[in-house]
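Thanks for sending this one over.

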Amino acid sequence: MIRGLLETGPGLLVQGITSTQGRLETRWMLDSGVHVAAGVTPGKGGSEVHGVPVFDTVAQAVAVTGARVAMSYAPPQAAADAVVEAAQAGIELVVVSSEKIPQHHWLRVLEVARRGHCRVIGPNSQGIVVPGVGRIGCPGGDEPWQRFTPGPVGIVSRSGGMASELGMFVRTWGWGTSVQVSLGGVPMVGTPLTEGVELVAQDPLTRAVLVFGEPSGRQELDLAAAVAEGRIDLPVVAMVVGRAGDCLSDSLPFGHALRGAGGATVQEKIAALRDAGVRVARSTHEVRAYLQEVLPAEALRAPASLTDRRTSP
């Protein structure tokens, strides 16, 4: 789905394109090879950002360009309404950068998006990378060639920073990434872990999926159940961090994670994943060893130099 939307779709739409973050990351997305067809900022219609035409509404932008993907930089107080506007205009995939969106409002927004068949990634998402095709958002910052090259490993992460770090490790180990998705580090995301893995597994280049899990919630337990039921038939390698948080009170935040009532401990998540047949690594050294087990030897290349810019998205 994601690769097709970026390779053959009519282009990407950027909500909040005239903001500081919107301007910066639009430049990065253009440099990655993605066709940014339009921007949207109410009251700024008729202007341009890096040569990209700006419209007042998503509906206007879609009518002119046919865009089917949106990257949203709307601020927290407007982010939920921006998703609704995108879904109602026919956008199929929207990635949301903002965090601290009121949760009760956000839950209603996700229901509207589902009814409109609009997939939401985020909030608090760094974005998506399809190496060799381009990126949505800011993964890799202004030096994406250090982290991404095309290959057989799909990466799905609840942490934006660790998604990019794992991409760099996979690259330097001699493989590459098919699709990398930063799901967002908040408890209630538009696309939870299991759906993210299923989405990445659909990519024709994916031969194994690397998952990065965190404390809080039950997403890793849901993933374990999906693997056990056979809904995911590709090999899955996982890291679940935050074991130290298991000794803390359920109500005490651990970084941005909060286990809360009904949440699972990290040890419970690790046990469930292992019982389902997922290879669970305690370190990046084990991640590499498990990937060597599940990927054919011919998938390996010579380790890439971090200064080689020829494989930037």
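This is a predicted model: local features need pLDDT of at least 70, side-chain atom pairs count only at pLDDT 80 or more; totals for chains, interfaces and linings use all residues.

The points below start with the ground rules, then take the pockets and the salt bridges in turn.

1. Residues are numbered from 1 along each chain as its sequence is written, and side-chain values use heavy atoms, with hydrogens and water left out.

2. The largest pocket has a volume of about 250 Å³. (A pocket is an open set of points on a 1 Å grid over the protein atoms alone, where a 1.4 Å probe fits, with protein on both sides within 12 Å along at least five of seven lines; lining residues have an atom within 4 Å of a point. Points are joined across faces, edges and corners, and the volume is the space filled by probe spheres set on them.) Its lining has 12 residues, and nearest the centre lie Glu99, Lys100, Ile101, Val186 and Pro187. By type, the lining has 6 nonpolar, 4 polar and 2 charged residues. (Ala, Val, Leu, Ile, Met, Phe, Trp, Tyr, Cys and Pro count as nonpolar, Asp, Glu, Lys and Arg as charged, the others, Gly among them, as polar.)

3. The second largest pocket holds about 200 Å³ of space. It is lined by 14 residues, with Leu110, Arg114, Gly190, Thr191 and Glu195 closest to its centre. Which element gives the most to this lining? That is α5, with 4 residues. (Helices, H or I of at least four residues, and strands, E of at least two, are DSSP runs numbered from the N terminus.)

4. Now for the salt bridges: the whole structure has 12 of them. (Each is a side-chain nitrogen of Lys or Arg within 4 Å of a carboxyl oxygen of Asp or Glu.) Asp31 and Arg27 make one, at 3.3 Å from N to O. The two sit 4 residues apart in helix α2, so about one helical turn separates them. Asp31 is exposed at 53% relative accessible area, while Arg27 is partly exposed at 34%. (Buried is under 20%, exposed over 50%, partly exposed in between, with a 1.4 Å probe and protein chains only.)

5. Arg68 and Glu92 also pair up, with their closest N and O atoms 2.8 Å apart. This pair links distant parts of the chain, 24 residues apart.

6. One last item is a network of salt bridges joining Glu111, Arg114 and Arg115.
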